Amino acid sequence: MNTKKKEILHVEGLSISFRQYTHGWQQRTITPIKALNINVRAGEVHAVIGASGSGKSLLAHAILGILPANSQCNGYIFYKGQLLTEQRKETLRGRKIAFVPQSVNYLDPLMKVGRQISLGLNGNKKLQANKLLKAYGLTKIDGQKYPYELSGGMLRRVLFATSVREGIELIIADEPTPGIHQEALQAVLKELRLLADNGAAVMMITHDIKSALTIGDRVTVMREGTAIETSSVSAFSGEGNKLQHPYTKMLWLSIPENQFINCQEDQPWL
Amino acid sequence: MALVAENISVGYQRKQPLLKEVSFSLESGQVKGLYGESGCGKSTLGKVLANMLKPWSGSLTIDGQNFAQNIYQPVQLIYQHPEKALNPRWTMERSLQEGFIPDKDLLSKFGIRDEWLTRYPAEISGGEMQRFCIVRALGEKTKYLIADEMTTMLDAITQAKIWQETLAICKERNIGLLVISHEMALLRRLCNKIINMEELKKCSL
């Protein structure tokens with residue numbers, strides 16, 4: 001892989017903490033992300049994997065500046081070499097930085113999906129929205145439905161169509177793949193790969209190691225709020241002996257294609 | 001002893017049935033896998049089987065008897081999106097204890113930590129929410145379990161661990177388990193029998 005490629009996103013020493021009220025005025029602070037470093041280059045698909053609750057989605061939300069109000073963010077996020085301030089985040093998101101959210105709850109339940117896709121488009125909105133629908137394997141009729149009338153996998157693709165469009169330089173996809181069947185999965189992955197090949201930087205947050213390996217260039221493994229390993233995709237093979245961290249190795253061996261439950265005997269909850 | 005659905009027709013738009021006279025059965029202690037394209041009606045069938053969606057026509061019986069309302073439902077559904085299956089204004093403990101009060105042993109089997117009990121759904125991760133949803137469905141009176149894409153939002157280690165525990169409990173209590181998933185590799189690992197939704201639809205016509 002070409003390492004000279006330009007860095008689009010560079011995160012250094014990021015930590016995120018939340019202030020919570022416990023009893024009355026008593027407060028406590030929890031820090032789900034500590035000293036996190038990661039960088040994503042133009043033209044690459046960088047997969048981020050890790051346990052649930054390890055802070056993968058928070059990282060995405062921090063980059064976009066959509067963390068809740070009781071959070072505090074420390075450390076540095078650079079976009080194309082310049083510090084990404086809250087103000088810059090606001091101008092860039094939706095225009096240069098696209099976000100595909102994790103939950104289908106991010107769609108408006110009271111608006112037809114075709115209309116949700118056309119939000120923010122210029123020119124002939126209807127025509128473009130239909131083109132986008134088609135590009136993600138949906139039909140015109142699907143566009144006239146409300147979210148509850150579509151299946152989980154179809155909603156996933158609607159989420160894609162609402163966010164990923166022309167001019168985007170950085171795509172942050174937060175679990176774009178669960179609940180969609182093989183062909184649709186391949187289509188979504190191909191789309192992400194194509195976006196990267198056309199020069200965009202793609203950060204794909206996922207649990208689906210197999211998918212991450214099919215299209216990814218590098219993989220970062222997160223655990224308990226910090227990045228424990230960044231490896232090239234080729235390290236994930238065989239018994240995982242090329243992987244550095246024992247947790248990564250365990251993760252690799254646990255997928256259904258490998259040993260699945262057989263390697264779980266007497267493992268404590270992590 | 002089986003959960004039997006006969007000639008079920010159901011849909012979301014008038015005169016456009018998504019399922020047309022579909023028949024399906026799940027025996028006690030059996031682990032069955034169901035796959036198919038998204039939008040083909042897998043989750044809808046799951047909802048009908050769990051008595052959460054009333055079919056337009058057809059019959060649904062459990063161990064030869066009709067379903068009763070207003071009791072603990074013997075068919076429990078674990079939903080694809082845990083964030084949609086929990087009341088956002090209830091603490092996790094309250095949601096967990098809605099149907100029955102699970103003992104410490106069951107909680108520790110699924111790695112639920114005490115500190116999560118006092119939190120709200122928005123304050124824990126999707127995978128953590130899903131573990132609550134699974135435990136909530138495993139009451140004493142549960143006879144059949146419908147797992148609709150139960151572990152797609154989980155990392156591989158957690159997924160393996162959860163299935164290990166779920167399979168053990170189903171075996172111990174002779175619970176019939178229907179696994180709905182897109183992931184063939186997972187289904188092959190878990191199920192005695194795997195069926196395609198399309199074929200299920202064709203057979204019934």
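1. Of the 205 residues in chain B, 48% are buried, where a residue counts as buried if 20 or more other C-beta atoms lie within 10 Å of its own, as exposed if there are 12 or fewer, and as partly exposed in between, with the C-beta atoms placed from the backbone. This is a predicted model, in which local features need pLDDT of at least 70 and side-chain atom pairs count only at pLDDT 80 or more, while totals for chains, interfaces and linings use all residues. Residues are numbered from 1 along each chain as its sequence is written, and chains are lettered from A and ligands numbered from 1 in the order in which they are written.

2. On confidence, chain B has a mean pLDDT of 90, with 99% of its residues at 70 or more; pLDDT is the predictor's confidence in each residue, from 0 to 100. The scores of the model are ipTM 0.74 and pTM 0.76.

3. The overall dimensions of chain B follow the globule rule, because a compact globule of 205 residues would have a radius of gyration near 17 Å and chain B has 17 Å; the radius is taken over C-alpha atoms, and the rule is 2.2 Å times the number of residues to the power 0.38. Taken along the principal axes, the box filled by the C-alpha atoms of chain B is roughly 50 × 35 × 30 Å. Among contacts in chain B with a separation of 6 or more, 76% are between residues 24 or more positions apart, a contact being two residues whose C-beta atoms, placed from the backbone, lie within 7 Å.

4. Chain A holds nine helices and ten strands, and its radius of gyration of 19 Å is close to the 18 Å that the globule rule gives for 270 residues, so chain A is as compact as a globular protein of that length. The C-alpha trace of chain A spans about 55 × 50 × 45 Å along its principal axes. Buried residues account for 44% of the 270 residues in chain A, and 66% of the chain A contacts with a separation of 6 or more join residues 24 or more positions apart. In chain B the secondary structure comes to eight helices and nine strands; helices (H or I, at least four residues) and strands (E, at least two) are DSSP runs, numbered from the N terminus.

5. In chain A, four strands make an open antiparallel sheet in the order S2-S1-S4-S5, two strands being paired if DSSP finds at least two bridges between them. The edges of this sheet are strand S2 (27-41) and strand S5 (82-83) of chain A, each of which pairs on one side only. Inside the order, strand S1 (residues 7-21) and strand S4 (residues 71-79) of chain A are joined by eight antiparallel bridges, and Glu12(A) has Tyr76(A) as its bridge partner in S4(A).

6. The contact between the chains involves 32 residues of chain B and 34 residues of chain A. On the chain B side, the elements giving two or more residues are helix H2 (82-85), helix H5 (126-137), helix H6 (156-173) and helix H7 (184-190), and H6(B) provides the largest share, seven residues. By type, this side of chain B has nine nonpolar, 14 polar and nine charged residues, with Ala, Val, Leu, Ile, Met, Phe, Trp, Tyr, Cys and Pro taken as nonpolar, Asp, Glu, Lys and Arg as charged, and the others, Gly among them, as polar.

7. The largest nonpolar core has 130 residues, of which Ile172(A), Leu192(A), Val202(A), Ile78(B) and Ile146(B) touch the most other members; such a core is a set of buried Ala, Val, Leu, Ile, Met, Phe, Trp, Tyr and Cys residues joined through C-beta atoms within 7 Å. Helix H7 (residues 182-197) of chain A gives the largest share of this core, seven residues. Leaving aside residues up to four places away in sequence, Leu192(A) touches Val45(A), Ala173(A), Val202(A), Met204(A) and Ile215(A).

8. Helix H1 (residues 42-49) of chain B is largely enclosed by the rest of the structure, because seven of its eight residues are buried, including Lys42(B), Ser43(B) and Thr44(B). After H1(B) comes Asn51(B), with a positive phi near 65 degrees.

9. Two further asparagines of chain B deserve a look. Asn7(B), in strand S1 (residues 2-13) of chain B, has a positive phi near 50 degrees and is partly exposed, with 14 other C-beta atoms within 10 Å. Asn70(B) lies in the loop between strand S5 (65-66) and strand S6 (75-78) of chain B, has a positive phi of about 60 degrees, and is exposed, with 5 other C-beta atoms within 10 Å.
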